[in-house]
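User: Hello! I am new to reading protein structures. Could you take me through this one, feature by feature?

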Amino acid sequence: QVPFVESGGGLVQPGGSLRLSCVASSGFFRGTDMGWYRQGLGKQREFVAAVTSGHDKNYADSVKGRFTISRDNAKNMVYLQMTNLKPEDTAVYYCHTGWAAVPTSTFWGQGTQVTVSS
């Protein structure tokens, strides 16, 4: 079973918006901090945002004020609302457990590509 399935990426112009979704397997999701991470071409994977099961939130400085993370505990879903997108947001976006540090786990989903370009 794939532990995380991400969707919602696409091509968007600078200043545009996208909403990413992730469905997680119960074993990874329940009672666990959930995060979004991204990896640009030729770059290391980095933390983007995280949310606790109690809906406390944490954001990377580069996305504060532009991205909003949320979760639906009944559906094992995590969302990332992205607004005012910039070319430097271009990356493959992944969801996984965690609060800030990129997990060292080998169990990653396929991710969803976000491309910000005019």
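Predicted model: local features only at pLDDT ≥ 70, side-chain atom pairs only at ≥ 80, totals over all residues.

User: Which residues form the disulfide, and how far apart are their sulfur atoms?

Analyst: C22 and C95 form it, with their sulfur atoms 1.7 Å apart. C22 belongs to strand β3 and C95 to strand β9, so the bond ties together parts of the chain that are 73 residues apart in sequence.

User: Are C22 and C95 buried or exposed?

Analyst: C22 counts as buried, because its relative accessibility is 0%. C95 is buried too, also at 0% relative accessibility.

User: Next, how should I read a nonpolar core?

Analyst: The general idea is that nonpolar side chains tend to be buried together in soluble globular proteins. In this model, the largest nonpolar core has 32 residues, and W36, L80, M82 and Y93 have the most contacts inside it.

User: Which strands each supply at least two residues of this core?

Analyst: They are β3 (18–24), β4 (34–39), β5 (46–51), β7 (67–72), β8 (77–82), β9 (91–97) and β10 (112–116).

User: What is M82 in contact with, leaving aside its neighbours within four places in sequence?

Analyst: M82 touches G16, S17, L18, L20, R66, F67, Y93 and V114. You have met Y93 already, as one of the core residues with the most contacts.

User: I also see Y37. Where does it lie, and is it buried or exposed?

Analyst: Y37 is part of strand β4. It counts as buried because its relative accessible area is 0%, and the cut-off for buried is under 20%. For a sense of distance, Y37 and S26 are 11 residues apart in sequence, and their C-alpha atoms are 19 Å apart in space.

User: Now for charges. How many salt bridges does the structure hold?

Analyst: The general idea first: side chains of opposite charge can pair when their charged atoms come close. This structure holds four salt bridges. In one of them, the side chains of R38 and D89 meet at 2.9 Å, N to O. R38 sits in strand β4 and D89 in the loop between β8 and β9, so this pair ties together parts that are 51 residues apart in sequence. R38 and D89 are both buried.

User: Which other residue forms a salt bridge with D89?

Analyst: That is R66, whose closest N and O atoms with D89 are 2.7 Å apart. R66 is buried, as is D89.

User: Which residues are linked in a network of salt bridges?

Analyst: The network links R38, E46, R66 and D89. Another salt bridge joins the side chains of D61 and K64, at 3.1 Å, N to O. D61 is exposed, with a relative accessible area of 65%.

Definitions and conventions
Residues numbered from 1 in each chain as written. Heavy atoms only, no water. Core = buried A, V, L, I, M, F, W, Y, C linked by side-chain atoms within 4.5 Å. Buried < 20%, exposed > 50% of the residue type's maximum accessible area, 1.4 Å probe, protein only. Helix = DSSP H or I, 4+ residues; strand = E, 2+ residues; numbered from the N terminus. Contact = heavy atoms within 4.5 Å. Disulfide = S-S within 2.5 Å.
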